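Please look over the sequence and the 3D structure shown below. The paragraphs after them go through a few features in turn.

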Amino acid sequence: MNETTHASPGLDAPLTGGMLWLAALMLAAANFIAVLNMTIANVAVPNIAGALGAATSQGTWVITSYAVGEAITVPLTGWLASRFGAVRVFTTSMVLFGVFSIICGLAPSLGILVVARVFQGLCGGPLMPLSQTLLMRIFPKDKVAAAIGLWSMTTLVAPVIGPILGGYLCDDYSWSWVFLINAPIAIGFGFYAWQLLKRYQELGARSPIDLVGMGLLIIWVAALQLMLDEGKNLDWFASAQMIALALIAAIAFAAFLIWELHEAHPIVDLRVFRHRGFTISVLTISLAFAAFFAASVLTPLWLQSFMGYTATDAGLATAWTGVTALFVAPAVANSKRDPRLLVFIGVIWMGLVTLWRTVGNTDMSFWDISIPLMVMGFALPFFFIPSTGLALGCVDEREMDSAAGLMNFLRTLSGAFATSLVTTVWSDQATHNHAELVGITDADGRMRDLLSQGGATPDAANQVIDYMITSQSIMLSTNQIMTVIGFIFIFAATLIWLAPKPVRTIEPGAGGH
């Protein structure tokens with residue numbers, strides 16, 4: 001990228017002290033609200049659908065539309081930053097994110113809300129990778145790791161806080177506040193971030209726009225995201241619609257790969273995968289994040305559906321993961337050890353804790369559930385902080401924005417895939433367990449007799465027994481899936497050793513110069 005630094009007179013001095021950490025706070029907040037909006041609307045779907053006169057199944061488009069918009073622009077971040085400058089793209093995205101959040105909150109119909117959510121997602125996509133690379137650009141070398149540690153924690157905490165905050169706003173206020181709450185943060189920080197960061201703005205390289213690559217990217221990402229989001233509702237490949245989406249995604253993806261690898265000015269620079277360290281690091285990140293996200297989605301779903309927890313209580317139980325992670329993050333960020341070793345320790349730890357959770361039962365207390373999650377939190381910084389640094393430290397400095405965009409895109413995609421897969425398998429496995437337990441539960445009729453002696457009618461006795469079987473079937477299914485997730489963590493941990501030992505650390509300003 002043939003870029004030169006553009007600085008206004010008197011503004012070319014780097015940020016220091018409190019202003020530097022204020023900039024870090026704003027960049028972390030941008031990533032926080034982008035990730036938060038992946039989950040904050042999940043619990044609000046019934047409220048939104050009821051308020052706007054739509055079916056709950058139609059209300060899920062509020063979630064899907066944001067995911068599609070975000071998935072499209074995350075891998076475009078490198079190209080956008082090279083053409084218009086990273087700071088300009090970041091601040092514009094931040095302000096527009098706030099504007100479309102207001103439109104979402106004031107939407108009079110589901111159609112307008114879904115369209116606004118698409119644009120909100122399009123604006124939210126660049127916030128994740130650019131907040132990351134700008135942190136590296138503005139911080140001196142000895143403080144980059146601590147800044148990335150702060151950024152990484154927002155990625156971990158936001159998905160946990162999302163359902164809690166969404167449930168609270170819906171219960172005590174209105175569904176509109178699920179979106180309106182973003183506006184003051186996004187618009188206020190967006191304008192102030194430009195004043196603070198414009199000294200780091202660069203002149204864009206006027207490379208041609210790869211319209212074919214952009215079109216193919218939009219087609220295959222949108223088709224794949226729709227397939228993942230709607231697959232469970234339409235019984236996957238028993239539906240002609242799912243088959244059509246899968247074919248469209250596969251053909252468009254193949255065409256996209258061929259085109260981008262031969263295009264002189266690609267919209268997504270796939271050549272960064274020539275770096276073995278980047279490829280292995282991203283593969284490890286994608287697998288481990290998919291496993292982490294699957295467990296994070298499954299836990300509150302199980303607690304709310306079958307353990308009698310409210311959305312707020314389920315969120316409080318799972319929030320301990322983020323709390324303990326914050327205590328360890330500074331030490332990991334300042335560690336000088338081989339990042340491969342740190343990633344290995346963190347991901348193995350996560351796998352072992354997940355295997356610990358495979359012995360769950362329906363009599364577990366709040367702390368029986370929370371303590372393993374608390375222990376897992378100590379491992380998260382070992383995974384997120386060094387893996388990000390290792391991946392971006394393996395590419396050329398001019399490729400940093402493209403690499404960050406691709407890494408965040410694949411991480412987001414792996415989370416979406418894990419969500420669809422785990423909810424489908426969890427339900428199917430519970431049905432299978434239920435069928436097996438029916439044949440062995442109360443075979444001699446003693447429980448039915450006891451219930452009858454207590455005054456229960458035959459129908460009531462059957463309902464009690466069926467509830468017990470269903471509860472145990474779900475518990476078994478949860479434990480079985482946790483076993484698989486635990487072994488995925490362990491496999492992902494071993495992969496990191498295929499990456500070469502890093503030969504350089506990330507220099508300040510390595511965001512895309």
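How are α6 and α8 placed relative to each other: oblique, roughly parallel, roughly antiparallel or roughly perpendicular? The model is a predicted one, and in it helix α6 covers residues 86–106 while helix α8 covers residues 127–138. The two pack at an angle of about 135°, and their axes lie 10 Å apart. An angle must be over 145 degrees to count as roughly antiparallel, and 65 to 115 to count as roughly perpendicular. The helices α6 and α8 are therefore oblique to each other. Their crossing is left-handed.

The residues that make this contact can be found on both helices. On α6 they are A86, V87, V89, F90, S93, M94 and F97. On α8 they are L127, L130, S131, L134 and R137. Sorted by class, the contact of α6 with α8 consists of nine nonpolar, two polar and one charged residues.

A second pair of helices can be read in the same way. Helix α4, residues 61–73, packs with helix α12, residues 211–230, at an angle of about 150°. The axes of α4 and α12 are 9 Å apart. Angles over 145 degrees count as roughly antiparallel, and that makes α4 roughly antiparallel to α12. The crossing of α4 and α12 is right-handed.

From α4, the contact takes in W61, T64, A67, V68, A71 and I72. From α12, it takes in L217, I218, V221, A222, Q225, L226, D229 and E230. By class, the contact of α4 with α12 has 10 nonpolar, two polar and two charged residues.

These helices belong to a protein chain with 21 helices and zero strands. The chain has 513 residues, and 55% of them count as buried. Now consider the contacts in the chain between residues at least 6 apart in sequence: 86% of these join residues at least 24 apart.

The next topic is charge. Side chains of opposite charge can pair when their charged atoms come close. How many salt bridges does the count come to? The count comes to one salt bridge. In the salt bridge of R340 with D338, the side chains meet at 2.9 Å, N to O. Is R340 buried or exposed? A residue counts as buried when its relative accessible area is under 20%. R340 has 13% relative accessibility, so R340 counts as buried.

Note on methods. Residues are numbered from 1 along each chain as its sequence is written. This is a predicted model: local features need pLDDT of at least 70, side-chain atom pairs count only at pLDDT 80 or more; totals for chains, interfaces and linings use all residues. Side-chain values use heavy atoms; hydrogens and water are left out. Axes are lines fitted to C-alpha atoms, for helices over the stretch in contact, and angles run from 0 to 180 degrees between N-to-C directions. Helices (H or I, at least four residues) and strands (E, at least two) are DSSP runs, numbered from the N terminus. Angles under 35 degrees count as roughly parallel, over 145 as roughly antiparallel, 65 to 115 as roughly perpendicular and the rest as oblique. A crossing is left-handed if the near helix is turned anticlockwise from the far one by less than a right angle, and right-handed if clockwise. Contact means heavy atoms within 4.5 Å. Ala, Val, Leu, Ile, Met, Phe, Trp, Tyr, Cys and Pro count as nonpolar, Asp, Glu, Lys and Arg as charged, and the others, Gly among them, as polar. A salt bridge is a side-chain nitrogen of Lys or Arg within 4 Å of a carboxyl oxygen of Asp or Glu. Buried means under 20% relative accessible area, exposed over 50%, partly exposed in between (1.4 Å probe, protein chains only).
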